[in-house]
2 protein chains.
Amino acid sequence: MAVTLKEVAERAGVSRSAVSRTFTDGASVSDKMRRKVEKAAKELGYSPNALASSLTTGRTKLIGLVSNNFHNPIFLEVFDLFTRGLQDRGLRPLLVNLTDETDPENSVRMLRQYSVDGVVVASSTLPPEFAKAFRDAGVPVVHSFGRASSAPQVHVVGIDNVECGRMAARELVRRGYTHVGFMGGPEGASSTQDRYSGFMAEMSAHPDIKASHSFADAYSFDAGRREMLRLLKNGPAQAYFCGDDVLSIGALSAIDDSGLSCPDNIGIIGLNDMEMAQWENIDLTTIHQPIRQIVTSSIELMVAMLDDPERYPETRIFPCSIVERGTLKPGI
Amino acid sequence: MAVTLKEVAERAGVSRSAVSRTFTDGASVSDKMRRKVEKAAKELGYSPNALASSLTTGRTKLIGLVSNNFHNPIFLEVFDLFTRGLQDRGLRPLLVNLTDETDPENSVRMLRQYSVDGVVVASSTLPPEFAKAFRDAGVPVVHSFGRASSAPQVHVVGIDNVECGRMAARELVRRGYTHVGFMGGPEGASSTQDRYSGFMAEMSAHPDIKASHSFADAYSFDAGRREMLRLLKNGPAQAYFCGDDVLSIGALSAIDDSGLSCPDNIGIIGLNDMEMAQWENIDLTTIHQPIRQIVTSSIELMVAMLDDPERYPETRIFPCSIVERGTLKPGI
DNA sequence: GGCAATTTTGCAACCGGTTGCAAAAAGCGC
DNA sequence: GCGCTTTTTGCAACCGGTTGCAAAATTGCC
């Protein structure tokens, strides 16, 4: 079917190595030879088989992009940034969807069969073991949106979720609320735990302010809505830090439906600053997560690791910042 | 680094072919041999190199997944369904982001270099030429969410956008509106054109009802909002068929901000039925696009084509239906 | 033009598998 | 145990490239 190097060589009347060299940069070929080969290649419509060459070079330029967040719109942006960023560097993303997969083994085996040069795990809910499984298999790995660790075993790029929790708490205090709530995502996710502990740590410095907490069972609109409806029934706090923007929007919907208004009756601060948060009919005050920087940095780290697979694991944390919109009362 | 077939063969004290055969199903190996090989393989942690074997078998099980819709949340669902569906059949999606790419040539070349077995073009805005470029290169291709054609040159799976336009028009008529509007997405997209022509065709049967039209410059919240604000200033229609749900939600926001209300002052019907459309604070009446069926069918078609690349091109159109929610007045 | 240093080229082995073919082994009936 | 058929196995060539090495060609210098 496809044109091979051998055919080009025959047509150009040169050796196979000569053809190979004109298509590998850094190889020594005379101008005359290059012209001859390129002419023949063009006539035949030849383009080299990346997979065959990977066999000898040991490089496929394939990068496994592993994720389980196919329901949070923010991940569409993440995929957009990753795919473009990788493409720009001549790398190809091989997408792996872990939605109904709990065991890393399978994905590890599959990605090894395809000899990926590296793996990016893009998820805030997958446990660190997942990324570690790849490292143990000898594959360079970056865990994007992963949990910061003081003793990282793999490269992690993300935000400081504990600090985000503190930041949200500080903001609610600053605004003068005297009863605040933490409404987290799934309790098992490390990101939820971190945000929770940061939030509570900060609140413990304010014993005069009442702080309560609860957890929604998913990072989804419905879960946020359900949880807020439940809270409203049982005497809610004055303002909530919601585990993420989608949850926040669900909560907003519940507040609205109950005939209450935000921020007049209940305040909400989210996390992520997804595109939708700035839509005028949502206008969510939230903590901005620098997605673009996280993705860019992850890719840079991956590229660096392709050069030096033994590179010492590092953690890159990007600061978040509050975006003031309309779902918290002005404050004092 | 990785364990090779040769090492397994040596350890098991058998020939390389024997090892190869125990890992290819349908090959003849005795039970004794199989056990010996599997033992050695397990001890060494061997798993076959899919790329190397693709060299001789001519099959990589890689499928190019090409898209340019990285801003419409509905595509997150599309990616989710595609990646899982492909994975379930042992195929691997190689993601290609065409956002800033206009020329098919590049993508075609790249995907050929990686010897993909087939390509799925998932986009309602890419021109048919894009898909055709792959077909011309001898790669099986399915255009999902593509335009129905009476003389298809490639396999197309999608909806009948003309009929959707008619359907929306009929619904607005049925509801008793006497001045209706078509607010399309980007004028160049074939999906927009089809929805427009269907809408207008239906309206031409109702000369008593005024029908106007305009186009937003993107399928985005902002574009929908901007366009609706403009329309509101210049004397709007009573109800609009918006090119897509995201546009609709932008329009809703504009209506809300202008102190008007939907559906009391202005009605809206969208298209797609994205997850968000059913959120209680949006509650958008819209035309449901059967995404799941489209994706499933696309994958089936792709699998069929892997068996028979010469398969005669076919068009699969799935019917859409109206989901009644709260953004149109009840009607007569 | 002659010689040494440098560049370009082709040979052949190799990357990690698969597969047609023939030899070896196993199974079968007597 | 023998001859015949069927199954299993290994050899060797091949898939589409790359690359170390040595031979051939070119270049530079006197």
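Start by selecting A:Ala52: one of its backbone N or O atoms sits 3.3 Å from a base nitrogen of DNA strand D, a polar contact (a pair of N or O atoms within 3.5 Å; within protein, one must be able to donate a hydrogen and the other to accept it, and residues adjacent in sequence count only if both atoms are side-chain atoms). Keep in mind that this is a predicted model, where local features need pLDDT of at least 70, side-chain atom pairs count only at pLDDT 80 or more, and totals for chains, interfaces and linings use all residues. Residues are numbered from 1 along each chain as its sequence is written, chains are lettered from A and ligands numbered from 1 in the order in which they are written, and side-chain values use heavy atoms, without hydrogens and water.

Now for the two protein chains. Color them separately: 48 residues of chain B are in contact (heavy atoms within 4.5 Å) with 48 residues of chain A. Which residues of chain B lose the most area to chain A? Select B:Leu51, B:Leu76 and B:Tyr114, which together make up 15% of what that side buries.

Last stop: show the side chains of A:Glu280 and B:Arg225, which form a salt bridge at 3.3 Å, N to O. The term means a side-chain nitrogen of Lys or Arg within 4 Å of a carboxyl oxygen of Asp or Glu. Between chain B and chain A, the count is two salt bridges.

Notes. Buried area is the accessible area (1.4 Å probe) that two parts lose on being put together, summed over both.
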